[in-house]
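Here are my notes for you to read with the model open.

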Amino acid sequence: MAFLLRLLRLRYLVLGTAVGGGIAARKKYKEIQDALPDISWMKEYMPEESVNALSKHLSDLANSVSLPDTTNLQDQVRQLQDRFSNFLSTSSEDASEDQNIDGNAEKPSDGLFAWTKSYKNVQLSSEEQEKSNKASQLQEHERQERIHQEMMSIQIKYQREIDRLEKEIKAMKKQILLRQERNQSGKKQRKIKKSLIDMYSEVLDELNDYDTNYNIQDHLPRVVVIGDQSSGKTSVLEMITQARIFPRGAGEMMTRSPVKVTLSEGPYHVAIFKDSPKEYDLTKEADLAALRNEIELRMRASVKDGQTISSEVISLSVKGPGLQRMVLVDLPGIISTETLGMASDTKSSITRLANSYMSNPNAIILCIQDGSVDAERSNVTDLVSKMDPHGKRTIFVLTKVDMAEANLHDTGRIKKILEGKLFAMKALGYFAVVTGKGNADDPIDLIQKYEEDFFRDSKLFRDGIFKANQTTTRNLSYAVSDCFWKMVKESVEQQADTFKALKFNLETEWKNSFTKLREQDRDELFEKARGEILDEVVNLSLIPSQQWEDNLSNYIWSRMSNFIFDDVFLTAAQADSIGGFNTTVDVKLQQWAEKELPRQCVDIGHQVLLDEFQSLIEREQKSRSHDPITNDLKMQVVEACRTRHQWDTKALDSLRVIQTQALQDRNVPDKQQWETAAKFMENILRKELEYQKSELTSQTNPSTWRKLVSFQGTTIEEKNRQQCVKELDKVLLSRQQLDKTTKTNHAVRSVLDYDELTAVKKNLQTQKIDVSNAFINDLWQRVYKIQFLKRNLTTCLECRRFFYYYQKGFADQGLDCREIVFFWRLKRMIDITSNAIRQQISNIETRRLEREVKEVLDDFSSDETLKADLLKGKRVDLAEGLKRVRQVQEKLEEFIEALNKEK
């Protein structure tokens with residue numbers, strides 16, 4: 001019987017589905033018809049025939065959406081119902097028969113139970129599938145959250161780059177407009193009319209850029225919104241702006257920097273940032289979410305590392321029907337305790353920021369107090385009462401009064417608050433508002449209706465505690481706007497007079513201090529320096545090829561000279577034969593060319609390029625027309641390019657090949673190259689010999705400057721070195737005499753043997769001079785190198801005119817002149833390398849340097865702190881002050897003119 005009951009339920013389910021489907025289809029059809037827009041308003045702007053044609057087309061389109069024919073479906077449902085009735089009657093007759101029926105009669109019943117069991121299995125599998133789907137949806141949600149966090153960090157990372165590009169676009173637009181004004185001077189330009197509140201907002205922006213600390217210069221009104229954290233401060237602002245535009249969070253700090261919101265009336269409800277042309281449609285939830293996300297990104301980007309809040313202002317304009325004209329500044333909420341993750345000075349930083357805005361004597365303080373918590377827990381009222389003790393510019397707002405009415409037993413406390421008798425602070429007016437029902441996603445119009453319904457039905461309102469003119473955010477907006485414009489009209493003329501006097505004083509100071517100089521602010525000086533730097537980059541291509549190669553050759557030899565003398569030449573000279581000399585030289589040069597030489601030459605090319613660039617800038621700085629105020633900037637650009645410029649790595653492989661081939665060649669082709677190599681060797685040896693002698697002299701004799709300054713003679717250590725050098729000279733002389741007697745070559749040995757070292761030490765001891773072996777060996781290296789250089793210099797002079805005998809193999813002269821060949825190989829490698837690097841500089845590196853210089857200048861131009869550090873001095877500060885004061889004065893005069901016209 002239980003199975004029969006299930007079948008009856010299934011019948012009702014099928015019939016209900018069919019009927020419900022038809023009802024749902026008809027309801028959807030009605031919704032489509034109702035959703036068609038009313039376009040009758042278009043008759044005012046378009047011909048009536050066109051509007052009627054469009055209406056007819058939309059009506060035909062709606063009628064074309066027809067319901068399917070359900071007659072056949074109803075017939076099939078009736079047939080299915082008849083079959084169920086026949087099946088149920090047959091089953092009831094079988095069930096009333098005798099229970100002792102044979103096995104054959106029981107088979108249909110078994111089939112029915114098997115069908116029921118399979119139906120239950122299908123139900124179980126569907127439940128498992130539903131659980132699996134929920135688990136996969138949860139995993140997908142977690143993955144999306146991770147991706148969202150990563151996207152937030154990436155957006156913050158590139159926000160600074162976007163800001164830099166937007167500033168560049170703004171500067172370019174300004175230049176284009178200035179150029180158009182110059183080209184079309186004399187022609188009357190059509191100006192775009194701005195609203196009064198927009199003009200006033202621009203004045204505040206100029207003042208904010210000029211005076212970030214709100215000193216005496218900035219006394220123009222703005223509505224400063226201040227309250228404890230989570231007091232409903234941001235919700236009040238959203239009710240006034242009639243849109244959910246601010247980031248939201250559950251109890252956490254969301255307002256991390258001041259947000260200046262300029263409200264004005266307009267036909268469309270839109271929002272736009274001061275430095276961006278993009279408009280956000282506040283009637284669309286997608287645009288609202290994008291706006292909240294953008295504000296949050298800008299806040300996080302403005303906060304410096306190690307800080308929790310920022311003083312950088314985010315400027316936003318909101319236009320919409322019915323909005324009251326005013327300028328509001330939303331500040332971070334006042335906190336009582338610093339939680340984990342906050343900077344240690346967060347509480348004091350928020351207080352300082354709030355005081356800096358409230359200290360403006362014309363600022364209207366909108367003090368937000370949470371009505372659902374005890375008044376004694378408030379921090380904001382104490383701050384406000386200190387800044388405005390007489391309450392001449394404070395408006396007090398009590399939020400969440402619906403919760404207060406539901407939770408408070410003593411309603412007299414609310415009455416005292418709204419009458420100004422509970423707090424020590426005073427105010428111009430007291431308001432009670434409701435800004436939400438507890439759900440942050442509720443639309444503004446729904447909250448406004450809830451607020452109006454609450455005050456209409458409120459017991460406190462009926463008892464006279466709430467007065468009609470003290471309730472709702474609508475009345476609050478009217479009151480704040482009236483107070484705002486009253487203070488604007490009272491203070492703007494005085495502000496304009498202040499800036500006129502300031503401008504006159506600055507101009508007088510400039511004329512007295514910089515009579516012959518034109519006023520150039522920091523941006524103008526930077527652009528001037530940019531052009532001069534880029535001109536010097538272009539001048540790199542005008543440097544003669546020979547100058548490049550000479551500089552490169554000198555740098556290469558200065559870098560490799562120690563290695564050539566100490567590791568190659570001195571070592572190879574110890575060989576007894578020309579074959580041993582050449583073998584040692586070949587091995588060491590081959591290893592050097594494969595490992596270190598190409599990289600060293602690339603580094604040298606990079607250094608020579610930047611040194612030439614710097615020398616061009618320094619040469620320009622010595623000219624009489626040069627302005628020294630940009631010197632620091634130019635040198636900083638050069639240093640930045642030294643760090644940033646990277647040589648093309650493809651040059652390494654080609655350098656390695658040509659250098660290896662040049663060093664392997666030992667055949668001097670002609671007499672001219674032989675003489676050039678001999679001259680190169682002579683110059684190198686003379687310079688090295690002079691250097692080694694000066695080093696030895698500085699170790700053994702006091703300098704003339706030291707004698708004059710310190711009045712000191714030769715020290716004991718210097719005397720010991722003098723005597724040791726004399727003994728070492730004796731060792732060299734004895735070697736030369738031994739070589740003449742025995743026809744050997746002992747003089748070339750670069751190391752003192754044991755007997756020689758012992759003899760020198762004993763001779764010094766007889767003179768009562770006791771020194772260590774290391775002391776003697778250190779002096780020996782320098783003394784031997786001087787003697788080695790002298791010997792090779794003599795060889796160089798003897799071999800200069802022996803090219804003919806070199807070609808014959810020196811068979812009859814007793815000279816092999818292998819040293820000339822060695823230095824010819826070095827010179828040829830240096831010449832080939834210098835030529836290759838010079839071509840690399842001319843063809844590739846100069847253009848890459850120009851691109852990098854432009855990138856460095858672009859980075860510097862967006863870094864105001866760095867520009868202020870590099871372009872500084874009284875002249876720059878005075879020009880900057882004049883520029884800012886003139887900009888503010890122009891905006892003020894334009895606003896005052898428009899304000900007087902409106903009156």
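1. Start with Asp-198, which counts as buried at 15% relative accessibility (buried is under 20% relative accessible area, exposed over 50%, partly exposed in between, with a 1.4 Å probe and protein chains only). This is a predicted model, where local features need pLDDT of at least 70 and side-chain atom pairs count only at pLDDT 80 or more, while totals for chains, interfaces and linings use all residues. Residues are numbered from 1 along each chain as its sequence is written, and side-chain values use heavy atoms, with hydrogens and water left out.

2. What does Asp-198 meet in a salt bridge? Its partner is the side chain of Lys-319, at 2.6 Å, N to O (a salt bridge is a side-chain nitrogen of Lys or Arg within 4 Å of a carboxyl oxygen of Asp or Glu). Lys-319 sits in strand β5 and Asp-198 in helix α5 (residues 196-210), so the pair ties together parts 121 residues apart in sequence. Lys-319 itself is partly exposed, at 27%. Helices (H or I, at least four residues) and strands (E, at least two) are DSSP runs, numbered from the N terminus.

3. Now the sheet around β5. It is open, with nine strands in the order β4-β3-β5-β2-β6-β1-β7-β8-β9 and mixed pairing (two strands pair if DSSP finds at least two bridges between them). The edge strands, β4 (279-281) and β9, each pair on one side only. Strand β3 (residues 270-273) runs antiparallel to β5 (residues 314-320), with four bridges joining them; Ala-271 has Val-318 as its bridge partner in β5.

4. Have a look at Thr-435, in the loop between β9 (429-432) and α12 (444-457). Thr-435 is buried, with 8% relative accessibility. Leaving out residues up to four places away in sequence, Thr-435 touches Ser-235, Val-236, Met-239, Arg-244, Ile-447 and Thr-473 (contact means heavy atoms within 4.5 Å).

5. Asp-453 is partly exposed, at 21%.

6. Over in helix α27, Glu-850 and Lys-854 are likewise four residues apart, and their salt bridge has its closest N and O atoms at 3.8 Å. Glu-850 is partly exposed at 27%, and Lys-854 is partly exposed at 39%. The whole structure has 49 salt bridges.
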